Amino acid sequence: MTTLDKNFEPASSEARLYAGWEASGAFAAQPESNAQPYTIMIPPPNVTGSLHVGHALTMTLQDILVRFRRMQGRDVLWQPGTDHAGIATQMVVERLLDKEGVSRKQLGRETFLSRVWQWKAESGGTITRQLRRLGASPDWARERFTMDEGLSVAVREVFVRLFEEGLIYQDKRLVNWDTQLQTAISDLEVESRETKGNMWHIRYPVESGEEIIVATTRPETMLADTAVAVHPENEKYKHLIGKMVTLPLTERKIPIIADEYADPEKGTGAVKITPAHDFNDFEVGKRHNLPMPSMLDRQGRITLAELGEMPEFVRSLEGQDRFAARKLIVAELEAREQLVEVKAHQNMVPYGDRSGTVIEPYLTTQWYCNAHVLAQPAIKAVEEGRTQFVPKQWENTFFAWMRDIQPWCISRQLWWGHRIPAWYDETGKVYVARTEAEAHAKAGSGVALTQDEDVLDTWFSSALWPFSTLGWPEQTPELAKYYPTDTLVTGFDIIFFWVARMMMMGLHFMGDVPFRTIYIHGLVRDEKGQKMSKSKGNVLDPLTLIDKFGADALRYSVAAAAGQGRDVKLGEKIVETNRAFITKIWNAARFLEMNGVKPNPDFKPQDAKLPLCRWILARANEAITAATAGLDAFRPNDYAAACYRFAWGDFCDWFIELAKPGFTSEADAPEIRDTAAYVLGVLLRLMHPLIPYVTEELWDHFNYGEAYSLISAHWPEPAAITGAEDAAEELNWLVGLVSEIRTVRSEMNVPPSQKSPVFLQDAKPETLARAERWFEAISRMARASEIGPLAGPVPKNAAQAVLNEATIILPLEGLIDLEAEKKRLANTLAKAEGELKKVQAKLTNADFTSRAPEAILEEHREREESFANEAKRLSAALGRLA
């Protein structure tokens, strides 16, 4: 057998190990097996996407769970796939066509779509290749795409059924309109940006000879005003309700109406109502049955088609861009002395996250889904606990949105996507059908039909993901076994757009919830807690981190920081630091190998005799319990911490160090070697879901099983240990003693080269006997020249620490300059207390806490905790010298 290399080299190991797992069939679900299923659906990344740190977090957390359950013997299905990402993909291909000097419309629909499929075949697999780099272990043989034939059948089936049930319908309502892409977009695709603008105050003449002042940030929309609203209890304007005003520039007469939407405390207290160009105004318009003319076309240009006869100035605006028209309208109002004042104003302006253009509320006929009806069973399922959110507080976000859910606009004016299965005859009558042939059968022979040009919102097909991927509408064995799924792992940002819609569709079509648990994780931020953005230059590339430090170091870093309800802080320095953990495990394994450690299949933990061996076996049991509890409770940080404490602390720092003399002892070496091999095997299994590559490499090297078999090995279970309590008492005392002595020496700056005597005051005989038994270890690890009972008074200038019934006395005379040391400690303590007061002053300042971003507040809270701990430590150190 070759010996382990000096260092673990991820670059040369990861691809080989991954290929070995995949070839072994370890990722594959087994529908025919009797094992209890465990199912997670990958949130399908966009087919256009590349691996980013958000993927690194969510996919690592999912992979930890599926590897854990796989090792527990569950039949795991981690369903992979990608989303066709309508707008994003269409934009990618259109940009490629731009470089060729050809447009989508010049190509025509069919040719354009063939180009998209061609692009998908050539470039659409990037994200799945990159997920392999991370170590993700889904069942790749079952990979799906939201536009593949099976999923397309499911989409058409759902559309037709919902239409037949009256839950899909056409309606003329306001949508978010992207004037560049010329399509409706979802709220998720709208990005609100704080923008410096103006508030224009405009004089509207009232028929009584009075005037009413309205304020607006979008004066161009006044062309389509159909009312002015005031609050019914507003004393200033109450007498004007019901009167008519003359709309400036257009000379149209519009009414003053009473509506509680008009806030007397906001602006002038009077609000212009433009139902076709503002979401709030649209609702007011419906309440008062107002006309709803549009003054913008699909390109965001002025159109007078619905405004009737207009004066010459307004006619001159026809075809002008909306922002150019704004300038002309403001200038004209000023010239007519109808502009009262202009105030600088900060307001939130909606932008398309893909096009970067200002989004317009636009009144158009679209297809809608009655989300209110579909939401009720989903709300009930969460209320009854059939689906549970982790952390629980996220259910409040879910309820708030679902209880106030609006009709869902499901049509998009794109070419790439699921084309709406609706056909029209020459009179405009609509026929909704699964196929064109079915539509013709409904229409009757000889009727010419044209299919709807629009496609479905990408989220419509994504909403079916938990059951369409399993073969629905066919009743497949996979659907019977793996639905409902067990866990959905996702970020909080798509609770509304994806999670809620999967709940609605799953309950409606499957009669059961799509998942039992929804585990919501935070966002990945930089080391300072700031959101990552290209403009800040703090975006991390996970592939670069993997290239530099290995996938295990990145996986450990995100999992260790993923506390429930907290965002994950990540930086290159953090990953580099955590690589030391991987190195520590590797070095420990090399040391064990050099000392003849190898698995002994005949070793039984209950037969261990040495206290040290019984202690580490008992500690292994505790680590198994803690790690399992962390994973069961969706606390990956607790799981990672349990692995770290046991591997670095108990196993490497204590067991291996204390066992070193035993490896050369004829009497003790066999048991120590067998125990070390057994515990290393436990450790590798325990940490495999977290750091799969290094653990598999060591597992294979030590021949714990066949090559690439750790992924399928059994999750460790606590073993019965004889005399565990006595061993724990003895070794915990030893660890405590050495730790206390080390702490004192470190605090007092005693040079490691200088040994010192250690005296035990008021120690019981059994404590003194232990000290004698373990003197070799105490001398080596705590730099003690001798240890024994204190005879006489406590020496002058000695440091003290308490352990159980005994006081540890460490004479320092001659080892250090005590007065200088006291002065150093006092100065350092004063500095720490000073910094603590500064931070606390800021955190108790209401002005600071109300204005500071959450990331800054979190950073200050962490600094407060750090300085408080430092002051406590230094105060204790000074107390030892009193």
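This is a predicted model: local features need pLDDT of at least 70, side-chain atom pairs count only at pLDDT 80 or more; totals for chains, interfaces and linings use all residues.
Two strands are taken to pair if DSSP finds at least two bridges between them. Strand 28 runs antiparallel to strand 29, residues 806–811, and the two are joined over 6 bridges. Within this pair, Q800 stands opposite I809 of strand 29.

D526 belongs to the loop that links strand 24 (524–525) with helix 18 (542–549). The residue is buried yet has no salt bridge, since its nearest side chain of opposite charge, K528, is 6.5 Å away. A polar atom of the D526 side chain does, however, lie 2.9 Å from the backbone nitrogen of K528. Beyond its neighbours within four places in sequence, D526 is in contact with M532, N538, K569 and L570.

D567 is located in the loop between helix 19 (551–560) and strand 25 (568–569). With a relative accessible area of 27%, D567 is partly exposed, because that class covers values between 20% and 50%. The side chain of D567 makes a polar contact of 2.6 Å with the side chain of R525, and reaches the backbone nitrogen of L523 at 2.8 Å. Apart from neighbours within four places in sequence, the contacts of D567 include F492, G522 and A561. D567 and A855 are 288 residues apart in sequence, while their C-alpha atoms are 9.6 Å apart in space.

Terms used
Residues are numbered from 1 along each chain as its sequence is written. Side-chain values use heavy atoms; hydrogens and water are left out. Helices (H or I, at least four residues) and strands (E, at least two) are DSSP runs, numbered from the N terminus. Buried means under 20% relative accessible area, exposed over 50%, partly exposed in between (1.4 Å probe, protein chains only). Lys and Arg count as positive and Asp and Glu as negative; His and the chain ends are not counted. A salt bridge is a side-chain nitrogen of Lys or Arg within 4 Å of a carboxyl oxygen of Asp or Glu. A polar contact is a pair of N or O atoms within 3.5 Å; within protein, one must be able to donate a hydrogen and the other to accept it, and residues adjacent in sequence count only if both atoms are side-chain atoms. Contact means heavy atoms within 4.5 Å.
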